[in-house]
Amino acid sequence: IQNGPPDIISTVEFNHTGELLATGDKGGRVVIFQREPESKTEPFSQGEYNVYSTFQSHEPEFDYLKSLEIEEKINKIRWLPQQNAAHFLLSTNDKTIKLWKVSERDKRPEGYNLKDEEGRIKDISTVTSLQVPVLKPMDLMVEVTPRRVFANAHTYHINSISVNSDYETYMSADDLRINLWHLDITDRSFNIVDIKPANMEDLTEVITAAEFHPHHCNLFVYSSSKGTLRLCDMREAALCDKHSKLFEEPEDPSARSFFSEIISSVSDVKFSHSGRYLLTRDYLTAKVWDLNMESKPLETYQVHDYLRSKLCSLYENDCIFDKFECAWNGSDSVIMTGAYNNFFRMFDRNTKRDVTLEASRESSKPRAVLKPRRVCAAGGKRRKDDISVDSLDFTKKILHTAWHPNENIIAIAATNNLYIFQDKLNSEMH
């Protein structure tokens, strides 16, 4: 599935059933893919995702007060749980969140008394009999309509949106503040976290990601550029500046370097489906935290440890500031996150096995099996098929990944290509 050059994918999100998959791109477009029903004649067509609807969600804007251009790039998409025939999703750029309704129409009314088939009003004197309008079948049309626009609540760039388990409220987070919104109210939101110092020169950390607990509507977590996680309880106070729990790993003084602070910044945080664990991603590692243990992570997984020797050049080409996302599988037993060279990593929490896979045209063919890849560290022993760390392509990076809520289907965004892999994860992980 491929988009044109300006359309670098900036977010990927399955809906709650996994039947729909939405991507947002730098051009402000949202493309929704729908899973095809199983075909008895073609067993390989089941699970294929085809384009269902494409619409322009955001346009570029200009803030005249600050003389700033506001990009149309979609930062995040979040689906609302389906409650009727229509689907709803939230999409946001740096400043404005929009609620969209996605609905289908396959019938049209015909046989009006006062209008002709083209919709023109008839001359009443020509109407001599009454008829009952009827609904006639028509070709399926997918209509996407904007229902709400939540604007003007963020001074800084929005990095996260998260729908609450009460299905009535959601939150949006920027570098210094988190706001709570009601889905029906667009003209006001409540500020629930504000870490902005009185003097901006005293600023030491920013908010990098935030998410609601999947089951408890009063709990949410946010991560920071200092590598910390704060769990907040909205029952304690209206302003959650005082966290309930602080998750932080003590730093090893012997491993400290110029880059320590940059690489410890958390780029993504995700609650497990059970709500018991937190998954975080920093530059070199993915970590699983137990909500009942704040002192250190339960598990730490090295994503690409061979880059430690390359931090200097990664700093010079700005790659060290890349924000990788992470994802849980449906049973919380495997985690996934991206890397460079179009590689992505999977870690099985039970067997402790891990695998590096590549998103490429070849691997996305229907019967292709994903082969494990190995990167050999600088100066290390090189086996057949190993890739040297010096030949990795740092322009090809997998920042955005998503896992189907209950099946072995993953979506991988590699710049402007979307790869969907189903049941192709090789035996190493099973």
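A: Start at P405, which touches F14, N15, H16, T17, G18, H273 and G330 once residues up to four places away in sequence are set aside; contact here means heavy atoms within 4.5 Å. This is a predicted model, where local features need pLDDT of at least 70 and side-chain atom pairs 80 or more, while totals for chains, interfaces and linings use all residues. Numbering runs from 1 along each chain as its sequence is written, and side-chain values use heavy atoms, leaving out hydrogens and water.

P405 sits in the loop between strand 29 (400-403) and strand 30 (409-414); strands (E, at least two residues) and helices (H or I, at least four) are DSSP runs numbered from the N terminus. From P405 to N164 you count 241 residues along the sequence, yet the C-alpha to C-alpha gap is 17 Å.

Y167 is in the loop between strand 11 and strand 12. Its phi is positive, about 60°, though it isn't a glycine. Y167 is partly exposed because its relative accessible area is 42% (under 20% is buried, over 50% exposed, in between partly exposed, with a 1.4 Å probe on protein chains only). N342, another non-glycine, has a positive phi of about 60° too, in the loop between strand 24 (334-338) and strand 25 (343-348). N342 counts as buried, at 11%.

T96 is one more loop residue, between strand 8 (87-92) and strand 9 (97-110). At 9% relative accessible area, T96 is buried. Apart from neighbours within four places in sequence, T96 is in contact with residues including H58, E61, V149, F150 and I158.

The largest pocket holds about 1200 Å³. On a 1 Å grid over the protein atoms alone, a pocket is an open set of points with protein on both sides within 12 Å along at least five of seven lines, a cavity is a set where a 1.4 Å probe fits but cannot get out, and lining residues have an atom within 4 Å of a point. Points join across faces, edges and corners, and volume is the space filled by probe spheres set on them. Of the pocket's 43 lining residues, K73, F321, D322, K323 and L399 are closest to its centre. The lining splits into 16 nonpolar, 12 polar and 15 charged residues (Ala, Val, Leu, Ile, Met, Phe, Trp, Tyr, Cys and Pro are nonpolar, Asp, Glu, Lys and Arg charged, the others, with Gly, polar).

The whole structure has 1 cavity of 30 Å³ or more, and the largest cavity comes to about 60 Å³. Among its lining residues are K76, R78, S160, E211 and D268.
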